[in-house]
Amino acid sequence: MQQRSGESSDRPDATVRIVLGAAGEAQPAPDATAVISTVDKDATTRLEVGDKTVRIPVGPDDASQTRFMPAPVITTGGTQTALVTEPAAAADHESGADHRPEFALVGIIASVLGLAALVTPQGPLDVALLLVLSLFGPGAALLSIANVKNRLVSWALTVAGSLSIVTILSVLTLWAKVWSPTAWFGALAGVTLIGSAVQFFRLTRSGVPLILGRSGKAYDKVDNGLALGAIPFVTLVAGLGLWILALARLSPDQVGLYGFTAALGVPFVVGMVLLFIGFAVELFGRARPLVMAAFLVVVPIVMQATVPLLDGTIEYAWTYKHIGVVDLIRDNGSLISGSDIYQQWPGFFAAVAMISHVSGVDSISFAAWSSLLFALVTSLMTAALLRQFTKDRRVIGLAVLLFQACMWVDIGYFSPQALVFALMLAFWVIVSRWLIGAPEIKGEPKGRIGRLRAWAVKGMPPRIETDARTRRFACLGAAGIFAAIVVSHQLTPVLMMVPLFALTILGILKPKTFLVGLIAIMLIFFVPRLGSVNSQYSLFSFDLLSNASGNSASWRTPEQQFSATVSRILAIGVWLVALVAVFLTRKKLGRVLVPAVIGFAPMVTLVAGNYGGEAIYRVFAFSMPFVGLLIGVLWAGKGRRGVPAMLASGVVLTLMLLGGLQGLQGQLMVHQVRATDIEAAEYFYQNAEPGSGLVLVAPNFPTKLEANYGEFNKGHVSVDISLIGDPLFTGNINGTRLPDIETYIRAMNYPTNYLVVSDAMDDYTDYFGTAQDDAMQSLDSALRASSNWQVFYQGPGVAIFKLVGQATAQ
């Protein structure tokens, strides 16, 4: 192994040869020798032997040219954590296997499947085939050209590149009014097929082998006994089996005020304890990559597949607004409203609309599985990102698991944020791998800022030597992903800008023109739309305490307080542990500076605004990959441990999962959307008078789920009108308030008005304590008894009433 400093890589007198062997050995083995630079005042090298490492500090005053290290120096991690004893950015950037033929083959397969979707009968199979093309096709064609030399990173960039290309293509064809999804998907698949096939034959003809199995040096073999080797498989099956058993015994109406975990009961909890003990046994034992990967697939399934399997409907009433935007684009091939915030950021909606149009399947049929799909995608992106900071597969595996288990913010539900979160992680993969490195500090730093900067970057590994061409392509790739993010979501680019500025100011991110280009992309798109966003989301509130409090001001019931408190304890706990990891490296902060800056710097945005109360939740989600890394180093950085540590780790991980699930699904009784409510909403949008107003008693009804949603509640297109949402009625609504309700609704000046009352709204007000227990029943009875109201729609547990008589003149 050879490490070089930026200033003296060519000075032969500034090297020391490190030899693994007995002191004074005359003929050391050539492959047990490492040459390092000794120019730095505090240089450190390490010589890897399997899972073991020889570490030695070398100073510039050391005159010896050969240093023989005795065998006892060989360690597996010492008594300190990895981030304390070695750089955080210890990822290998050395030449690896050439995987380009592999991705050319992936491009061929994905494009053939995409073309098959165009000629087969429309249906759910076409959705799956088009997803394969959209997730792998174009990106694989690009990775068949770019020799990244790391399979994990290549797969992550394949998915990110494909999603970015499909998103940008969808938006451009929408804006250019050349909307023809079948033709454009055909063209994309055709170009991908031709490019991948040409590259595959070119590479194989030139002698580049097709590698389908494992490449690189073999993982170290650890034999900790037959029992400990078999336990992970047994507990994996047992954990899954108990989850399936608990789920099979549960019906949707059994979910109570304390949510999903309480409803599943003891078998589920026992299953999760077994599952995580098995993971901990593998983590601190053999750490077989494929076995750990199996656990990292099962955890998202448990967390994200339960609701679709239990209900069969899309979770969260507000998600259905996104269905309507997708249908609008699919059916019209253009944007209708310049005031609708969803139509102003159409990236995600346009991409899904293309899939829905070509497959002939309404997005409401497959949107419920969005959370699971993106949980798996973001896990891949997280693993690739963390690989840029450590080579320790135990740390990476544990960090990804912590990211999954503690993510009580549903970042993957059917929404633009699900897409852009995955793309953001891929963006940081590119930046951290090719554009980040230790700045050159010549001479003694001057001034407070100079000394602070020198302290912050101390211990950071040297910038990886890359040629200008590689850096240009890295900048272009990252900018392309950033563009797909910008056209899809309002908040994410702003949160990304904070660490980008910090890294550029510290001299860690280069070239500086890269940041300038990203700012230009964002401003060109944002400036014309900024007024509309600020009018709806209060971007600039400048109240840090309020912005960081989320929805704590509305806690009114013990059940809500319980779920919210568990979530906050979990979030604050993992943040504090991550900060402990940073504190332990304070003398050489550069080792953890980059993940700490990217993970925690977005908190600065809370000073300026709260994004409708959601900013703090986005900040937590964006920090979790890096928080997982910092905690993972403390937890698993020492390598193998004994059975007591395995059992304790399994129990702690289970508690963290249960905490994450309580935050994620503690409000499931409210978040469940009944099929009867969906039918009622569809009836309304198909039969109600255009230009009318739709008022909800409480905001728990699937509105705007049809393409014509813009014909209703004009002036309130992006916001539902609910009585409970107005202080005039919050906590004080029942049948006796019907005259006030009529006056309130007529004052909106819609020619026709409708009011929805449902059992789901009753659940909402019970959970959040915003109305009396009998408020919904009292109001329903008063509406039926009034001559001013007539039943427009009646279904199980839901009724829509129409206000009759002359409305106030406009």
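The model is predicted, so local features need pLDDT of at least 70 and side-chain atom pairs count only at pLDDT 80 or more, while totals for chains, interfaces and linings use all residues. Residues are numbered from 1 along each chain as its sequence is written, and side-chain values use heavy atoms, with hydrogens and water left out.

**Helix α2**
- Among the buried residues of α2 are Phe103, Val106 and Ile108, where buried means under 20% relative accessible area, exposed over 50% and partly exposed in between (1.4 Å probe, protein chains only).

**Helix α8**
- Val266 lies in helix α8, residues 266-283, and is exposed, with a relative accessible area of 61%.

**Aromatic pairs**
- There are 35 aromatic pairs, counted when ring centres of Phe, Tyr and Trp (its six-membered ring) lie within 6.5 Å, with planes under 30 degrees apart called stacked, over 60 edge-to-face and the rest tilted.
- The rings of Phe427 and Trp428 have centres 5.3 Å apart and planes at 80°, so this pair is edge-to-face, and both residues are buried.
- Phe684 and Tyr685 also form an edge-to-face pair, because their ring planes stand at 85°, with centres 5.1 Å apart.
- One aromatic cluster includes Phe684, Tyr685 and Phe712.

Methods:
Helices (H or I, at least four residues) and strands (E, at least two) are DSSP runs, numbered from the N terminus.
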